[in-house]
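Trainee: Please show me the model, and then we can go through its folds, spaces and packing by question and answer.

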Amino acid sequence: MSIPVPHSDVAESLRVLGNALAGAEFPLPTPQAEIAQDTCADITNQLNDYVLPRYASLDAPLLAVVGGSTGSGKSTLVNSLVREEVTVSSAIRPTTRRPVLVHRPGNEAAFASDRILPTLARVRFDSLASEEDAAGPASLELQLVSHAGVPEGLAVLDSPDIDSVVESNRRLAAQLLSAADLWVFVTTAARYADAIPWALLDQAAARNIVVAIVLNRVPQGVGSEIRPDLVRRLEERGLGAAPLFVIGEKLDADGLIPEGDVAPLRGWLTGLAHDATARASVARQTLGGAVDSIVAKRAVVVSAVQEQHEAVAHLAIDIDRSVADATTAVLSSLEDGSVLKGEVLARWQEVVGTGEWMRKLESGVSSVRDRIAGWFRGTTPDSSVIKMEHAVADSLQELFVSSLDEAIATIEAAWEVRPGGRNLLAAVQIEGLSSRESRSSSAAEAVREWQRNLLNLVNSEGKNKRSTARLLSVGVNAVGAALMIVIFASTSGLTGGEVAVAGGTAILAQRVLEAVFGDDAVRRMAASARTDLELRARAFMEKQLDPFRAVVIGLGVPDELAESLDRDFQAVASERAKENNR
């Protein structure tokens, strides 16, 4: 008898969510990152191991996972159910290293493929593994055993200890329990109150999974004392309806639990799996609970992804702010007159003379135009203008580099206290943060490009008939030098005699330019050259800080991931609600 598959929209929405979660990364050690990473892995495993395969085949044999604490007798219980030793039972801990799935002959196809638990390779053995082979870390293999003692429509899986001292065993046990249609939870009179088993039983209650409790290895006369307390604990956790099977500590001559003690559990399992309708009922209950538990994890995942996004945004903001501050520092140095100090001011004085130019300017604007050409042609060698350009280039180059150094230091200080920042700073070094020599070379090239563009601007402005002759009479480079002085000449940062010299220098440079181009053109060229310098400074900072940007981008946290995941979770919840209303 084939049972119709539930409405496919639920499974499809789960597939979309699973794909999104598989790609979710939590590269930064934010407060919620670790639990969210584990949650995403748990959801992905459960979808692949159980939920999606079960949606595709509700009438497949049920998988009963036998789980419990160390030494609770899980393997002995499985052997006793089929009345033959099919899984290793030993006093050595941990015993069950390779999980053993025992199925009924004829049901091989349901478990031999990767329909469920696709990450575990399937193996078969003619005889049991030795105790030495079985002990140790969990194997990524699932041993399949065919046995007629398994009830029809059912498979029984012996899993590693949930509280194993080996971490990989604990992880595998949790994965197997998440892939179960029903749990057979085994504890003992001595261990039934332990915290770890009850934490897993709380999960079972939250998932609404079909579960049976086996109180195993109970000394004679002790069961009546323990049972009431155990029942109370189950009721407090919403598991009051779970059947409870009490089994004594005696074994028969074959090392198995006596048939009379294990028969009630086998009968309960047989009743659940005896026909397709019964199996589908169990599967639907567990399946629905699994989906609901996935939806319930929405807040944990979405909040953690948002936290990652915000952390990445802060890292990027640190870079953006440092670029802006470094660019502002360059412009501020222009405005406070710093560029005109020292060598630049001295070289400009060589271009225009040391005193005669002020007297000539005072004779009146009308005569300036006639006198300018004489100064530059007659008294100023070309080498003075070139030295002036070099002095400007050196000053700007050092300004670029020092502002960049401050930007790098600012980012490093900020990232030291960001989540994962120290690792990112190490990655920046690997990415290839340039040396100071390389930064100086790049800064020099940026400044030379700016100077070339400024001269092109002067040439372009001087192409009309009115300006051509005057420009040629003064010289393009000299006019360009005058334009640089106009851009740099603010006296707020100068002191003493520098104020008078720079002030007079600015006036002369302004007069030179006005004589050649006129007032409006001078203002336009100065504004254009200043904007070009700002853009080149910003581009230089951005390029040099690219290694910081690269490691942030390399974290791989998409901007819209939190919103996208939230929509995917909501879609599952919506389809699940529709399924419940059918």
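Mentor: The secondary structure of this protein comes to 23 helices and eight strands, where helices (H or I, at least four residues) and strands (E, at least two) are DSSP runs numbered from the N terminus. The model is predicted: local features need pLDDT of at least 70, side-chain atom pairs count only at pLDDT 80 or more, and totals for chains, interfaces and linings use all residues. Residues are numbered from 1 along each chain as its sequence is written, and side-chain values use heavy atoms, with hydrogens and water left out.

Trainee: What percentage of the residues in the protein is buried?

Mentor: Buried means under 20% relative accessible area, exposed over 50%, and partly exposed in between (1.4 Å probe, protein chains only). The protein has 582 residues, and the buried share of them is 51%.

Trainee: Which residues touch the most other members of the largest nonpolar core?

Mentor: A nonpolar core is a set of buried Ala, Val, Leu, Ile, Met, Phe, Trp, Tyr and Cys residues joined through side-chain atoms within 4.5 Å. In soluble globular proteins, nonpolar side chains tend to be buried together. The largest core here has 99 residues, and those with the most other members in touch are Val51 and Leu77.

Trainee: Is Gln143 buried or exposed?

Mentor: Gln143 sits in strand β4, residues 141–146. Leaving out residues up to four places away in sequence, Gln143 touches Arg98, Pro99, Val100, Leu101, Val123 and Phe125. Its relative accessible area is 4%, so Gln143 is buried.

Trainee: How far apart in space are Gly556 and Phe26, C-alpha to C-alpha?

Mentor: Gly556 is found in the loop between α22 (546–553) and α23 (561–580). With a relative accessible area of 38%, Gly556 is partly exposed. Gly556 and Phe26 are 530 residues apart in sequence, yet their C-alpha to C-alpha distance is 8.9 Å.

Trainee: Which element gives the most to the lining of the largest pocket?

Mentor: On a 1 Å grid over the protein atoms alone, a pocket is an open set of points with protein on both sides within 12 Å along at least five of seven lines, a cavity is a set where a 1.4 Å probe fits but cannot get out, and lining residues have an atom within 4 Å of a point. Grid points are joined across faces, edges and corners, and a volume is the space filled by probe spheres set on the points. The largest pocket holds about 930 Å³ and is lined by 30 residues, with Asp42, Arg170, Arg171, Ala174 and Gln175 nearest its centre. The element that gives the most to this lining, with nine residues, is α6.

Conventions:
Contact = heavy atoms within 4.5 Å.
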